[in-house]
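Student: I would like to go through this model with you, a few points at a time. May I begin with the loops and then turn to the helices?

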Amino acid sequence: MKQIAAIQVLRAIAAFSVVIGHTQRNAILIAAANNREFHPVLLDLTEAGVDLFFVISGFVMVYASRELFAAPGGGMFFLSRRLARIVPLYWSMTTIFLTVMLASPKLIPVARPELTEILASYFFIPYDRPDEHWMHPVYSVGWTLNYEMFFYAVFACVIALPVKRALTALTLLFCALAIAGVILHPAPGVFFFWSRPVILEFVMGAWIGYFCLTEFRTSNRAASMLAIAGIAGFALQVMSGVYAHGYWRPLVWGLPAAAIVAAAALTNWNITSRGLWKPIVLLGGASYSLYLVHPMAVHAMHLLWDKLGLSAHASDTVFFFVTLAPMPLLAIAIYLCFERPVTKALQVPLRNRLAALRQLSLGPTSPEGASKHGHMTRLRVAREHAAKTFALISPKPEGADPATLLNTVDRRQANGGDNKHFREKWTPVFRKEMRQTSNLQRFPSAKDAINTQPKRKSL
């Protein structure tokens, strides 16, 4: 699936905004310890990067799973691919955190977790912490991954359906959970965590991914208006000074984030992975590394700042910028040296599995087709491939661009305007190409394709 550079840019912005927020919180602690005041800038807005992450996550799950909807084994393949992407780095950072905490409690002065809490953290199970008012895992930044894994598990179940039915089921389930969480407030145990309305932000992103797959596109002007509306929504919330991170979070932070993601995904802005955009797109690829690594890096810089005696004399603003500056480079280094190689190594057998699924699956050409039939017939695949081959081998009219594929009118002009014999001349070409493409023993008709669909398993 083609990468959308604008979405990568948003991922970089979301991750870096979270880093800015956490760095400012450490600057506040340093200032308070030395009887000073540090005035953070847009602290709530920087933490809204998490909401942007959730919307992007829902979008990516649908956009990257186009071939898996209603495919045999699609749910397991999807879940395996996401585990290979998420688990290695998170487990590594959790292990490093636990090792440092147990070896030198003074470096990380938090309550020592029980064995059950450690196991729950490794397996993305929320649990109540006596020292916190929220269900953080041992490595606290992983609370968002607990939501991610819950979403992956539910998505892996509904992906067995055609895409529109899958998203409808997902929406109804998450809305029901959110409503139940409000009615049962406070909900018992882990249900309290999984029924928070913030889960609706995944649904927003999922529907944006659906519209992207349907090739629905907005004009640049409409996309700009969406982006401006999203930014204005964030700004109004910050200016209001109201802490709206509870039941109103999907409306206050989620909708503006969805507007920004929709603007990036549903338009053809001139953003590429080259030139000036290249480092930002690369940071977007490393956003997961940036998100997971930065808490320990910021804390380490805080300890070093105290060790060097700079906390009492240096400006807190200097600490903020000195800590913030190397974070993108650190994240990109970890991404290139650890995250990407490990993910690729784990996903090699998964890519082989996907190739097998592609042979078994008839693969949707669009969500509409997938919703109606559950798959696309081999006939349609063959026709598309034959049409492309036909356009390449057809003589082009005088003055036509050699790189441009011919449409039907151009082909008939190339045929000397002979519409009568156009079909007879080129039908054998289509038949041969379709047999070679789909390994069919004969040229199937549309009636054959329709008649065979109920006999096939819904993929």
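Student: To start, is Asn35 buried or exposed?

Tutor: Asn35 is exposed, since its relative accessible area is 76% and the cut-off for exposed is over 50%. Please keep in mind that this is a predicted model.

Student: Where is Asn35 found?

Tutor: Asn35 is in the loop that links helix H1 (5–33) with helix H2 (43–47). Its phi is near 55°, a positive value in a residue other than glycine. In general, most residues other than glycine have a negative phi.

Student: Which loop holds Ala70, and what is its phi?

Tutor: Ala70 sits in the loop between H3 and helix H4 (74–103). Its phi is near 60°, again a positive value in a residue other than glycine.

Student: Is Ala70 buried or exposed?

Tutor: Ala70 is buried, with a relative accessible area of 1%, whereas Asn35 is exposed at 76%.

Student: Let me step back to the whole chain. How many helices and strands does it have?

Tutor: There are 20 helices and 0 strands in the protein chain. Of its 459 residues, 47% are buried.

Student: What share of the contacts joins residues at least 24 apart?

Tutor: That share is 73%, counted among contacts between residues at least 6 apart in sequence.

Student: Now the helix pairs. At what angle do H3 and H11 pack?

Tutor: Two packed helices are described by the angle between their axes and the distance between the axes. Helix H3 (residues 49–63) packs against helix H11 (residues 249–265) at about 55°, and the axes are 9 Å apart. H3 and H11 are therefore oblique to each other, and their crossing is right-handed.

Student: Which residues make that contact?

Tutor: H3 contributes Val50, Asp51, Leu52, Val55, Ile56 and Phe59. From H11 come Arg249, Trp253, Gly254, Ala257, Ala258, Val261 and Ala265. By class, the residues of this contact divide into 10 nonpolar, 1 polar and 2 charged.

Student: Ala265 is in that list. Which residues does it touch, leaving aside neighbours within four places?

Tutor: Ala265 is in contact with Ile7, Phe59, Ile208, Cys212 and Arg217. Ala265 is buried, with a relative accessible area of 3%. Its C-alpha atom is 7.1 Å from that of Ala6, although 259 residues separate Ala265 and Ala6 along the chain.

Student: H3 also meets H6. Why are H3 and H6 described as roughly parallel?

Tutor: The axes of H3 and helix H6 (residues 143–158) cross at roughly 25° and come within 11 Å. Angles under 35 degrees count as roughly parallel, and H3 and H6 are therefore placed in that class. H3 passes H6 in a right-handed crossing.

Student: And which residues meet there?

Tutor: On the H3 side they are Val50, Phe54, Ser57, Gly58, Met61 and Val62. Their counterparts in H6 are Trp143, Thr144, Tyr147, Glu148, Phe151, Tyr152 and Phe155. The residues of this contact divide into 9 nonpolar, 3 polar and 1 charged. Val50 is listed in the contact with H6 and also in the contact with H11.

Student: Next pair: how do the axes of H1 and H13 cross?

Tutor: They cross at roughly 20° and come within 10 Å. That makes H1 roughly parallel to H13, and the crossing is right-handed.

Student: Which residues form the contact of H1 with H13?

Tutor: H1 supplies Arg11, Ala15, Phe16, Val18, Val19, His22, Thr23, Asn26, Leu29 and Ile30. H13 supplies Ser287, Leu290, Tyr291, His294, Val298, His302 and Trp305. These residues divide into 10 nonpolar, 6 polar and 1 charged.

Student: Could you say more about Ser287? What lies 2.8 Å from a polar atom of its side chain?

Tutor: It is the backbone oxygen of Gly284. Ser287 lies in helix H13 (residues 287–307), and at 0% relative accessibility Ser287 counts as buried. Not counting residues up to four places away in sequence, Ser287 touches Arg11, Ala15 and Phe53.

Student: Last one: where does Lys2 lie, and is it buried or exposed?

Tutor: Lys2 lies in the segment before H1 and counts as exposed, at 68% relative accessibility. Lys2 and Tyr63 are 61 residues apart in sequence, with 9.4 Å between their C-alpha atoms.

Notes:
Residues are numbered from 1 along each chain as its sequence is written. This is a predicted model: local features need pLDDT of at least 70, side-chain atom pairs count only at pLDDT 80 or more; totals for chains, interfaces and linings use all residues. Side-chain values use heavy atoms; hydrogens and water are left out. Helices (H or I, at least four residues) and strands (E, at least two) are DSSP runs, numbered from the N terminus. Buried means under 20% relative accessible area, exposed over 50%, partly exposed in between (1.4 Å probe, protein chains only). A polar contact is a pair of N or O atoms within 3.5 Å; within protein, one must be able to donate a hydrogen and the other to accept it, and residues adjacent in sequence count only if both atoms are side-chain atoms. Contact means heavy atoms within 4.5 Å. Axes are lines fitted to C-alpha atoms, for helices over the stretch in contact, and angles run from 0 to 180 degrees between N-to-C directions. Angles under 35 degrees count as roughly parallel, over 145 as roughly antiparallel, 65 to 115 as roughly perpendicular and the rest as oblique. A crossing is left-handed if the near helix is turned anticlockwise from the far one by less than a right angle, and right-handed if clockwise. Ala, Val, Leu, Ile, Met, Phe, Trp, Tyr, Cys and Pro count as nonpolar, Asp, Glu, Lys and Arg as charged, and the others, Gly among them, as polar.
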